Amino acid sequence: MSKPLLIVESPTKAQTIQRLLGGDYETVASQGHVRDLPEKGFGVRIEKVNEDYRFIPIYQPLSRRSAIVQKIKQAVNKAPQVFLATDEDREGEAIAWHLCELLGIDGRSPIRITFHEITKRALEEALQNPRAINFHLVNAQQARRVLDRIVGYQISPLLWRSFRRGGAQSSALSAGRVQSVALRLIVEREREIASFNPTPEIVAEAYLPGPPAFRAVLVTPTLGSVEEGQERLSQLVGRSLKVLQVIRKPRRRSPSAPFTTSTMQQEAQRRLGFSLRRTMQAAQSLYEKGLITYMRTDSVHLAPEALEAIHATLRERFGAEAVSPRTWAEKKALHAQEAHEAIRPTDPSVAEAGDTPDEKKLYTLIWRRTLASQMPEAVYEETTVQLEPDPPLNYTIRWEAKGRVLIQPGFLTLYGYATEEDEETTIPALREGMLLPWEHLRVWEKFPPPPARYTEGTLVRELEARGIGRPSTYAPTVETLLKRRYIERGEAKVIRPPYAEITISATGEVAQVHHKPPPDIQRNKLLPTRLGIQVTDFLMLRFPDIMDYDFTARVEGELDQIAAEKLDWQTMLSKFYLHFTDELARANTIEHRSKLLGIDPVSQKPVFLHYGRQGPYVSLAEKGDTDYRTASVPPTLSADAIDLNKALSLLSFPRVVGVYEGEPIVIRQGPYGYYIRHGTKNYPLPSEADPLTITEEESIAAIRARQQSSSAVLRSFPEVGIEILQGRYGPYIRHAGRTRSLPKGMSVESLTVETCQSLLEEKPKRGYQKRALSRTSSKKKS
């Protein structure tokens with residue numbers, strides 16, 4: 001006897017549902033999309049109707065799914081009833097609609113079931129309440145796909161034409177509605193860091209022996225310099241510090257809400273070191289195995305039955321006092337997703353689950369976060385002590401010491417924080433009027449750090465805060481930027497400025513030190529490449545609206561309105577297209593744009609800022625003039641920040657910065673950026689260095705560092721960013737993330753810049769591809 005049929009996306013999900021429903025139903029997996037826009041070509045027919053446009057997506061069955069579709073058709077023909085059980089978001093709704101179109105099923109009939117978790121109870125409830133396809137969700141998804149095609153297929157050819165001589169494979173370049181705006185964020189943050197010019201704060205501390213030893217910070221008066229600090233603090237020699245006031249009060253810390261997609265991605269990156277893609281792969285698998293609820297959601301709500309199970313687990317594991325029922329206010333996101341509950345374990349009593357190490361780690365993180373959200377607050381006792389000199393001076397000096405002790409751990413028992421804010425600091429039990437001797441006083445310059453570079457987690461937080469994109473699209477967005485070589489994931493050095501410090505002992509001895517701290521090494525940061533910076537500048541000049549944060553967020557809001565039945569998708573697309581075509585027409589007219597910055601006071605010739613194919617550059621005089629020369633604008637500088645003085649500084653290259661081993665050190669500029677020339681050799685300029693301000697000492701350090709690490713580097717052309725390295729299988733060329741082995745019989749010494757560029761542009765031969773594949777497979781086996 002035939003059984004009702006459930007169609008889902010993945011085999012894992014199908015197996016889980018089959019296990020839970022037993023033999024009463026058959027399940028089959030479509031393995032994702034079965035129909036889509038063509039991989040090659042625009043794939044959308046645009047028709048003009050009066051003053052508006054109409055957009056007709058041209059869908060094609062995916063050839064790689066043909067056998068699967070045929071199998072599903074056979075199962076549908078045998079089944080007395082068919083249910084489409086794809087995911088409950090817009091993507092899942094679109095897959096269900098495409099299945100209807102291919103299988104000849106009426107999408108208006110009650111064939112669609114949705115559930116937030118894969119449990120027997122949720123499945124049975126969904127089967128009792130089937131509905132028709134929600135075409136508003138489908139249209140929101142169609143509108144997103146058409147928008148992305150319009151932007152990508154119209155702008156990308158401009159990039160191909162404009163960057164065809166830039167050393168990058170033009171076909172690898174692309175623009176995207178969310179992708180390009182995310183890249184802009186990363187580029188602008190890098191420029192913020194490059195232009196950061198911190199002003200130091202003067203900080204003074206008193207060190208008191210205790211026990212336990214503690215320190216107090218000067219809060220009054222504000223110091224203008226370390227010299228002023230020395231003058232004022234020297235007056236405290238021979239004086240004690242008197243306790244003026246002791247204030248004790250509790251400080252409470254509440255647990256965080258259960259996970260949404262975005263907060264899960266951020267915490268998995270921060271606590272587990274997972275990339276966005278790694279997190280979503282593990283979460284998808286956990287969901288399909290029935291271990292967690294649906295992993296694409298903006299909701300922090302927990303269902304009543306889930307709360308009951310969570311509270312029961314807390315009582316059993318930690319006692320009744322560990323339960324603190326709590327509901328969370330919904331924060332309406334601009335890019336709302338259709339799931340209506342937070343990410344949580346389907347069975348809170350199960351503390352460990354998953355098959356792979358990643359699944360186990362992520363499940364434990366979700367389990368702890370969920371249960372902690374229903375636990376009591378953590379309570380600290382904070383003590384603030386105010387001190388003043390005794391005998392007093394003729395002006396007010398106030399010191400302040402703070403201590404913090406955890407007295408009730410609450411939710412921290414299960415979901416602890418490793419932050420400075422939660423560190424315990426003990427100070428002695430003090431009373432008002434007590435006189436305390438001090439050991440030494442210290443005053444120094446404290447420079448604020450530059451803005452932090454984005455990690456994948458902080459980029460997600462920024463995109464979500466601006467209403468750009470959706471959490472489900474963030475992982476593929478970052479992967480695309482990495483694939484296009486617009487950004488790199490890696491280390492970055494943060495140069496800390498030197499600072500002065502003065503220490504005064506209790507006996508009045510003064511010691512002054514000038515510190516030169518080592519650079520901070522930041523790991524797992526998203527760093528823009530030169531190509532990424534050039535593409536951003538190119539798009540900002542030609543498509544200011546597409547690159548505008550608010551404009552992109554408004555488009556996301558309109559997609560939400562389509563899903564909520566408040567906006568027609570064709571009307572929205574037509575309005576966007578009318579605006580976009582105007583911007584595209586303007587962009588096509590901007591090939592080169594020039595701006596007069598002023599007159600060079602030495603040569604009395606004009607200085608221009610130009611926008612060329614490879615990005616902005618400055619020039620002195622007109623072409624054909626004997627004084628004519630050009631200089632590209634460094635990636636760390638925005639073209640908008642270039643004035644006459646900066647242009648003249650750029651035109652001053654080559655720049656001699658000093659002498660090393662009897663040879664001058666010269667900063668030069670090549671077509672791929674700045675580099676150091678010493679003697680007959682070229683060395684790359686450190687990524688954190690400014691070619692306009694790099695010193696002799698910093699240049700020598702860069703030369704030495706390169707010499708020490710160049711054992712594997714056989715030869716380099718830093719003026720164009722090319723290196724020849726010794727690999728496991730022989731010498732190879734590396735440039736901008738691409739590599740190419742040297743042909744048999746070609747020596748390293750015979751290579752020129754032109755030869756290297758030609759080899760890099762050639763397609764690898766079949767034999768090379770086979771060798772590359774065999775290397776990859778051998779690495780995996782090992």
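Predicted model: local features only at pLDDT ≥ 70, side-chain atom pairs only at ≥ 80, totals over all residues.

Biologist: Fine. How many residues has helix H2, and what does it reach from first C-alpha to last?

Modeller: H2 covers residues 66–78, which is 13 residues, and reaches 19 Å, close to the 18 Å expected at 1.5 Å a residue. The expected span is 1.5 Å times one less than the number of residues. Helices (H or I, at least four residues) and strands (E, at least two) are DSSP runs, numbered from the N terminus.

Biologist: Which residues in H2 are buried?

Modeller: Ile-68, Val-69, Ile-72 and Val-76. Seen down the axis of H2, the buried residues fall within an arc of 95°, so they line one face. That arc is taken from the directions from the helix axis to the C-beta atoms. Buried means under 20% relative accessible area, exposed over 50%, and partly exposed in between (1.4 Å probe, protein chains only).

Biologist: And what does the face turned away carry?

Modeller: Ala-67, Lys-71, Asn-77 and Lys-78, which are exposed.

Biologist: Switching to charges. How many salt bridges does a search of the whole structure find?

Modeller: The count is 47. A salt bridge here is a side-chain nitrogen of Lys or Arg within 4 Å of a carboxyl oxygen of Asp or Glu.

Biologist: Where does Arg-453 come in, and what is its partner?

Modeller: Arg-453 pairs with Glu-190, with the closest N and O atoms 2.9 Å apart. Arg-453 lies in the loop between strand S14 (440–446) and helix H12 (456–466), and Glu-190 in helix H6 (residues 179–194), so the pair ties together parts 263 residues apart in sequence.

Biologist: Is that pair buried or exposed?

Modeller: Arg-453 is buried at 7% relative accessible area, and Glu-190 is buried at 17%.

Biologist: What does Arg-191 meet?

Modeller: Asp-537, in a salt bridge of 2.8 Å, N to O. Asp-537 lies in helix H14 (residues 530–542) and Arg-191 in helix H6, so this pair ties together parts 346 residues apart in sequence. Asp-537 is buried at 17% relative accessibility, and Arg-191 is buried at 11%.

Biologist: Which residues do shared partners join into one network?

Modeller: Glu-117, Arg-121, Glu-125, Glu-305, Glu-341 and Arg-344.

Notes:
Residues numbered from 1 in each chain as written. Heavy atoms only, no water.
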